[in-house]
Amino acid sequence: MSAEAGGIRSNVVQELFWTRTGLLLLILVVTSGTSLAISSQMESGTPRNLLTALGTGTLISAVVSFTQTLVTSKAAQRALLTPVIEESRKALKELSQEYRALDREFFPSHVFEPTARPDPVFNQLMMQDLERTRLYCFRGFAGRYAAGRVLLSQSECELRAVLADPRDDNAISGRARYLLRNEGADGDYDEIRERLKEQIKIGLAGLYSARGRCSRIDVTIVSDPPLDRLELFDDSVWMTLYSNTAGVLRPYPRTLRFTESSFLYAKERAEFLRISNSKAGYHFVLTPGTTNDDFLALFEKITGEALGTAGFRELEDKFHAFRREFSASAQLRS
């Protein structure tokens, strides 16, 4: 939107023809022209001299009045119109700044629509956020993607993860229903649920594999995880909407990215810290010094299943196979 004066009367000359001054000048010019035209047809004498003097006088008056009007209009424009234009510009600039501030606070900086395969642009932008962050907060289901991103990252950070409890069917049901809707009438709920439990186990093995890339990994196991996945960095928050069932369902749902200046960033960060510090969940820490025996004991406590060395190696192989497939499809450095 422009604050420039425009429209029909956009300059001083046009302004003259839309005022009483312009009408007066027109009368003077017509009178002068008529008098001079008539006098040129008359014989020499007093009447001719009078008409010539009238025509000449009115012509001079028209020229002087036109010049004076131009000067006066220019001065009036500088004195009256220019300040109005400057104030309008200032008001529009302030209004634009206010709208931009509202956009940053309540509207996402990026929107990624559902896809059947990992979106390279989505994953590359998220990896850029991860490279700049000191604290990576992940609230999701199995933690496989968080572990894979940490292993692909070239920087070190602290990771906090909130994952679903594999022993609680209610913790799995939300994600299972989403996948069941995606698979259609041929989907089997019990098969999906077992597959999700396997994913949690693979995710735990992945987090253990990634422990050397983080100063520490704090993990919270909860029985009622929110359905939407949250990935929070120092300067952005990503929300993957598994709760959005409208439209066409895809394995990778709609995702919104908000900057740190947004209302959603502060809200989700506070909610994540509340859940990760809650006494209701089971908390444990993985560090570079965590041994295989320590992890096997944690794994049994979390899943209720004893895991031998062979089983652990099998889970690690499954995780690294997932990581390689994910990095290839997302076009990330493997």
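Reader: Which residues of α5 are buried?

Author: The buried residues of α5 are R144, Y145, A146, A147, G148, R149, V150, L151 and L152. A residue is called buried under 20% relative accessible area, exposed over 50%, and partly exposed in between, using a 1.4 Å probe and protein chains only. Helix α5 spans residues 144-152 and is mostly covered, with nine of its nine residues buried.

Reader: What kind of model is this, and how are its residues numbered?

Author: This is a predicted model, in which local features need pLDDT of at least 70 and side-chain atom pairs count only at pLDDT 80 or more, while totals for chains, interfaces and linings use all residues. Residues are numbered from 1 along each chain as its sequence is written, and side-chain values use heavy atoms, with hydrogens and water left out.

Reader: How many helices and strands are there in the protein chain?

Author: Helices (H or I, at least four residues) and strands (E, at least two) are DSSP runs, numbered from the N terminus. The protein chain has ten helices and eight strands. Of its 334 residues, 40% are buried.

Reader: At what angle do α5 and α7 pack?

Author: Axes are lines fitted to C-alpha atoms, for helices over the stretch in contact, and angles run from 0 to 180 degrees between N-to-C directions. Angles under 35 degrees count as roughly parallel, over 145 as roughly antiparallel, 65 to 115 as roughly perpendicular, and the rest as oblique. For α5 and α7 the angle is about 25 degrees, with the axes 8 Å apart. That makes α5 roughly parallel to α7.

Reader: Is the crossing of α5 and α7 left-handed or right-handed?

Author: A crossing is left-handed if the near helix is turned anticlockwise from the far one by less than a right angle, and right-handed if clockwise. The crossing of α5 and α7 is left-handed.

Reader: Which residues meet there?

Author: Contact means heavy atoms within 4.5 Å. On the α5 side are R144, A147 and L151, which meet Q199, I202, G203, G206, L207 and S209 in α7. By class, this contact has four nonpolar, four polar and one charged residues. Ala, Val, Leu, Ile, Met, Phe, Trp, Tyr, Cys and Pro count as nonpolar, Asp, Glu, Lys and Arg as charged, and the others, Gly among them, as polar. As for spacing, an α-helix has 3.6 residues a turn, so residues three or four places apart point the same way.

Reader: What does Q199 touch?

Author: Q199 is in helix α7 and counts as buried because its relative accessibility is 16%. Not counting residues up to four places away in sequence, Q199 touches A142 and R144.

Reader: How do the axes of α7 and α9 cross?

Author: The axes of α7 (residues 189-209) and α9 (residues 292-303) come within 11 Å and cross at roughly 155 degrees. That makes α7 roughly antiparallel to α9. The crossing is right-handed. K201, L204, A205 and Y208 of α7 make the contact with N292, F295, F299, I302 and T303 of α9. Its class count is six nonpolar, two polar and one charged residues.

Reader: How many aromatic pairs does a search of the whole structure find?

Author: A pair of aromatic rings is described by the distance of the centres and the angle of the planes. Rings of Phe, Tyr and Trp (its six-membered ring) pair if their centres lie within 6.5 Å; planes under 30 degrees apart count as stacked, over 60 as edge-to-face and the rest as tilted. The search finds 14 pairs. One of them, F112 with W238, is stacked, at 5.8 Å centre to centre and 15 degrees between the planes. F112 lies in β1 (residues 110-112) and W238 in β6 (residues 236-240), so the pair ties together parts 126 residues apart in sequence. Both F112 and W238 are buried.

Reader: Which aromatic pair ties α7 to α9?

Author: Y208 and F295 are stacked, 4.7 Å centre to centre, with 25 degrees between the planes. Y208 lies in α7 and F295 in α9, so the pair ties together parts 87 residues apart in sequence. Y208 counts as buried at 2% relative accessibility, and F295 at 3%. Elsewhere, ring pairs link Y145, F319, F322 and F326 into a cluster.

Reader: Where does S223 lie, and what is it in contact with?

Author: S223 lies in the loop between β4 (214-222) and β5 (229-232). With a relative accessible area of 34%, S223 is partly exposed. Leaving aside neighbours within four places in sequence, S223 is in contact with D165, D168, N170 and A171.
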